[in-house]
Amino acid sequence: MAEVMLAADGTPLKRSLARALRRQKIRALGLIAPLLLFVLITFIIPIGSMLFRSVENEIVSNTLPYTVQALSSWDAEQDALPSEDTFQAMFFDMFIAAEAKRHTRLGTRLNYETTGLSSLFRQSGRKLDDIADVSYEPLEDLDKAWDDGETWYALMNARDGTDESLLAEQRGRVARLTDSETLGDINFAPDAEVAALLPLAAREYTAWAIYVATQDGRDPAARDPWEAIAPALALDLQTADLSGYDGPAADMLRAAQDANLPAPDFTAAFAEIDEDWGKRVPWETIKTHSGKFTSGYFLNAVDAQKTADGMAWQPENKQILITLFGRTIWMSMLIMCSCILLGYPIAWLLANLPMRQANLLLILVLLPFWTSLLVRTSAWKVMLQQQGVINDVLVWIGLVADDNRLIIINNQFGTIVSMTHILLPFMILPMYSVMQTIQPTYLRAAKSLGATNWTAFWRVYFPQSIPGIGAGSILVFILAIGYYITPEIVGGTKGVFISNRIAYHISSSLNWGLAAALGTILLVAVLILYWAYDKIVGIDNVKLG
Amino acid sequence: MKLAKTLMATTALTVASGTAFADGHMASEMTLVSWGGAYQSSQQNAYVAPYVEMNAGVTAVWDESSAEAVAKLRAMNEAGNVTWDVVDVVAADAIRLCDEGLALEIDADEQLAAAPDGTSASDDFGDLLVSDCFIPQIVYSTTFGYRTDLVGDTPPTEVCAVFDTDAYPGKRSLEKRPINNMEWALLCDGVAKEDVYDVLATSEGQDQALAKLDTIKDDVIWWSAGADTPQLLADGEVIMGSTYNGRLFAAIEEQDQPIGMLWDAQVFDLDGWIIPTGLSPEREARALDFVKFATDTQRLADQAKYISYGPARLSSAPLVGQHAELGIDMAPHMPTDPENAKNTFLYNYEFWADYRDDIDAKFQAWLAQ
């Protein structure tokens with residue numbers, strides 16, 4: 001057996017070599033680290049977080065935590081409305097959400113699923129005080145001291161023991177609702193005894209105190225609580241056993257209990273605010289979309305929807321996205337093919353002309369490339385429209401009748417023509433740089449061996465130029481699939497792409513979840529096509545030069 | 001080491017001075033967001049330039065991003081870095097920004113100027129305060145223009161001419177969205193004006209509107225930018241088309257194109273300011289100070305010298321004078337002029353806030369058929 005080979009310094013050669021290699025690798029990694037970090041921070045993380053919106057759906061359970069909890073026991077199959085408890089939970093959830101201006105945001109979210117919920121939430125938010133007043137006004141009449149924040153603070157603030165779990169729970173509730181930090185000193189902690197005696201009131205007061213202290217930066221000891229505290233107290237007093245209680249406001253509480261402080265009938269009160277609350281539709285929508293993650297956006301992205309009974313197709317007169325996906329891919333292929341057909345001869349010419357002429361021609365190829373995209377697209381509008389240059393010329397030479405001008409814009413033809421023109425340089429340049437490396441001697445050799453011009457081209461030249469075609473095709477196809485300005489301007493109704501809908505949902509409807517789902521599908525489609533290309537042609541066969 | 005100390009000291013000083021002056025002090029730079037073009041220059045002339053002149057040291061920077069304002073503001077808010085101070089948006093966007101908590105709520109009587117005769121701001125703006133966050137500037141309308149030389153001897157006088165391809169053959173341009181088009185379609189299909197939104201709220205009503213639009217589908221060029229229709233009219237590509245009344249005014253009066261106005265069933269809409277939430281106190285104070293000045297009675301009336309949009313205040317109407325360059329009376333060109341406003345339609349914000357997504361999906365599916 002051979003001895004272990006040693007390096008000059010006595011360590012085994014194998015280890016020494018590995019160490020040297022590792023050092024080299026680390027150095028290489030160090031060199032590309034800035035770029036890697038840059039790409040990670042400015043590209044991968046933002047795109048990842050944008051795409052994550054396609055499944056993220058925390059807004060429902062963050063805004064209406066108790067309602068979602070109460071709805072989980074509601075059997076949507078049965079024909080009844082949710083229980084009074086659910087309406088009650090909805091009131092307290094909505095009240096704080098309306099103070100935080102989050103209920104309208106939730107309304108916008110749910111309106112994507114069920115038309116009408118946007119204004120239902122917006123208008124209901126304004127009328128919650130009416131429900132609270134059912135309890136608040138009698139309480140105020142009973143004793144003016146209830147109108148004073150100090151009474152409440154004395155009652156609720158911890159004396160002997162603190163209900164830490166309630167405090168932590170409510171901090172979490174407010175944090176999730178407002179999407180902000182709620183830690184830190186708030187100058188309040190719920191009293192354990194009162195929290196056990198008056199659970200609902202203590203819960204709502206604690207949430208209020210946390211909200212005022214962390215969101216408004218005010219001291220809860222010096223502020224009056226929201227009116228929602230009164231119905232909470234009224235509900236608690238219906239069952240509370242006050243006999244053993246002798247803390248602050250004990251007499252006032254007993255007086256309120258003796259006077260049977262009225263609590264709102266939440267089911268009826270909500271139906272009075274808006275009759276839609278008395279229907280099953282809004283509740284079903286909330287229940288169906290209450291999960292922290294949802295498949296709803298992806299279903300919407302393929303013309304389906306999430307319903308209480310699982311997946312269902314959209315009504316036929318709303319189905320459009322699958323058509324658009326198909327059209328986008330089909331038209332991008334067409335554009336890619338026309339770029340190949342037009343670009344190949346030019347690239348060949350560029351590669352085979354003497355340097356001087358080739359450079360001039362190259363500048364002509366690049367010139368439109370340096371012009372603004374909008375200018376080029378608008379120029380096509382001037383060219384193609386019915387009173388445009390092409391039609392005018394055709395009419396002038398008599399090929400087309402004046403009253404029967406060609407329609408070559410605001411349709412698929414317009415999109416294909418202008419996008420082919422815009423993307424042509426991306427096809428020509430990789431082809432040109434690959435063709436430049438093909439030795440002219442090969443063609444001459446083929447011909448001297450008896451091949452015809454065509455055979456020499458097809459059997460010798462063309463196969464060597466395929467890597468250029470591949471690179472150009474991938475570039476053009478991927479660029480085309482994501483285009484939206486050009487289709488928007490010249491595409492009319494039949495020449496628009498899925499990207500136009502993505503743009504609409506990003507900037508107009510603000511349905512970013514759906515936009516993210518559409519974007520994810522587009523990305524996956526491109527990756528699949530790339531994979532297919534690799535299988536069929538081989539990605540090693542792609543060359544940019 | 002010394003440098004680091006100096007740096008820290010100055011930073012601490014700057015921070016301290018920043019907080020010390022927070023109360024009552026206003027930022028000296030503000031970024032205004034608007035639509036560009038003639039509208040933005042009317043704002044620049046009518047109140048931004050005077051404001052900057054009055055307040056020495058204040059600079060105003062324009063950003064022409066109003067078309068994407070809602071999406072951009074949401075993104076800025078999520079990133080925690082709002083770079084805009086005052087944003088010009090249409091009322092529907094203001095409502096959405098308010099719903100999303102992205103715009104500051106304004107107490108009109110407290111924070112906006114009263115009319116010269118003492119009428120409170122909320123009475124002076126009246127119903128135009130469609131959202132708690134919205135500070136109205138102008139009333140504009142979406143209406144039709146037609147080529148005077150292509151319509152023959154009987155120029156159209158009512159909106160249903162758009163659907164009458166026998167009397168007025170040729171292409172029409174309509175906006176590539178359901179809003180306004182659905183209403184016009186129903187009006188011209190025999191639905192009474194007061195019932196339009198009730199009908200449109202039903203699935204059958206939506207089908208009815210699309211069926212009416214279907215009768216002219218092959219004759220329509222769909223636009224997405226306000227400048228499209230004036231251009232299409234000027235090129236003779238279309239015989240009539242819808243766009244904003246100010247664009248048509250510019251084409252007719254300033255560029256002398258053979259275009260006529262069809263005011264019938266014009267749809268009123270509003271444009272105004274919002275102030276984003278999440279500004280520092282100094283910037284917010286500056287923004288509030290600016291909008292109070294920019295939306296007072298005289299300033300809104302001044303704006304009408306440069307563009308044919310109606311001032312949003314009642315008290316501004318009598319002060320509307322002549323065009324700054326053309327010297328023509330502006331009142332007859334206002335969408336609110338009694339002669340033009342014989343038959344008008346008010347954009348229903350609540351309705352479209354609810355139905356926009358639903359009807360838009362149907363509309364786009366119909367377009368793609």
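Predicted model: local features only at pLDDT ≥ 70, side-chain atom pairs only at ≥ 80, totals over all residues.
**The contact between chains A and B**

On the chain A side, 29 residues are in contact with residues of chain B, and chain B contributes 27 residues in return. Three helices of chain A each give two or more residues to this side: α5 (103–111), α6 (117–142) and α24 (498–507). The largest share, five residues, belongs to α5(A). Sorted by class, the side of chain A that touches chain B holds 19 polar, six charged and four nonpolar residues.

**Helix pairs in chain A**

Two packed helices are described by the angle between their axes and the distance between the axes. Helix α24(A), which also gives residues to the contact with chain B, packs against helix α25 (residues 512–536) of chain A, with axes that come within 8 Å and cross at roughly 155°. Angles over 145 degrees count as roughly antiparallel, and α24(A) and α25(A) are therefore roughly antiparallel to each other. Their crossing is left-handed. From α24(A), the residues that make the contact are A:I498, A:R501, A:I502, A:H505 and A:I506, and from α25(A) they are A:W512, A:L514, A:A515, A:L518, A:G519 and A:L522. The contact of α24(A) with α25(A) has eight nonpolar residues, two polar and one charged.

A second pair is formed by helix α16 (residues 321–352) and helix α17 (residues 355–366) of chain A, whose axes come within 8 Å and cross at roughly 145°. The crossing of α16(A) and α17(A) is also left-handed. Here α16(A) supplies A:I346, A:L349 and A:L350, while α17(A) supplies A:A358, A:L361, A:L362 and A:V365. The contact of α16(A) with α17(A) consists of seven nonpolar residues, with no polar and no charged ones.

Of the 18 residues of α10(A), 14 are buried, so the helix is largely enclosed by the rest of the structure. Just after α10(A) comes A:G217, with a positive phi of about 70°.

In helix α14 (residues 280–288) of chain A, the buried residues are A:P282, A:W283, A:T285, A:I286, A:K287 and A:T288. Among the elements that cover the buried residues of α14(A) are α2 (58–63), α3 (65–71), α5, α6 and β1 (304–307) of chain A. Of these, α5(A) and α6(A) also give residues to the side that touches chain B.

Most residues other than glycine have a negative phi, and most peptide bonds are trans. With 18 C-beta neighbours inside 10 Å, A:K101 is partly exposed. A:N260 is exposed, with 11 other C-beta atoms within 10 Å.

**Two residues of chain B**

B:A304 sits in the loop between α13 (297–303) and β9 (310–311) of chain B. Its C-alpha atom is 9.8 Å from that of B:H333, a residue 29 places away along the chain. Not counting residues up to four places away in sequence, B:A304 touches B:Y309, B:P311, B:V320 and B:M330.

B:Q208 belongs to helix α9 (residues 203–214) of chain B. B:Q208 and B:A185 are 23 residues apart in sequence, with 8.4 Å between their C-alpha atoms. Leaving aside its neighbours within four places in sequence, B:Q208 is in contact with B:L186 and B:D189.

The table lists the surroundings of the single residues discussed above.

| Residue | Other C-beta atoms within 10 Å | State |
|---|---|---|
| B:A304 | 26 C-beta atoms | buried |
| B:Q208 | 19 C-beta atoms | partly exposed |
| A:N260 | 11 C-beta atoms | exposed |

A residue counts as buried if 20 or more other C-beta atoms lie within 10 Å of its own, and as exposed if 12 or fewer do. B:Q208, with 19, is therefore partly exposed, whereas B:A304, with 26, is buried.

Conventions:
Residues numbered from 1 in each chain as written. Chains lettered and ligands numbered in written order. Contact = placed C-beta atoms within 7 Å. Helix = DSSP H or I, 4+ residues; strand = E, 2+ residues; numbered from the N terminus. Nonpolar A, V, L, I, M, F, W, Y, C, P; charged D, E, K, R; others polar. Axes fitted to C-alpha atoms, helices over the stretch in contact; angles between N-to-C directions. Parallel < 35°, antiparallel > 145°, perpendicular 65-115°, else oblique. Left-handed = near helix turned anticlockwise from the far one by under 90°.
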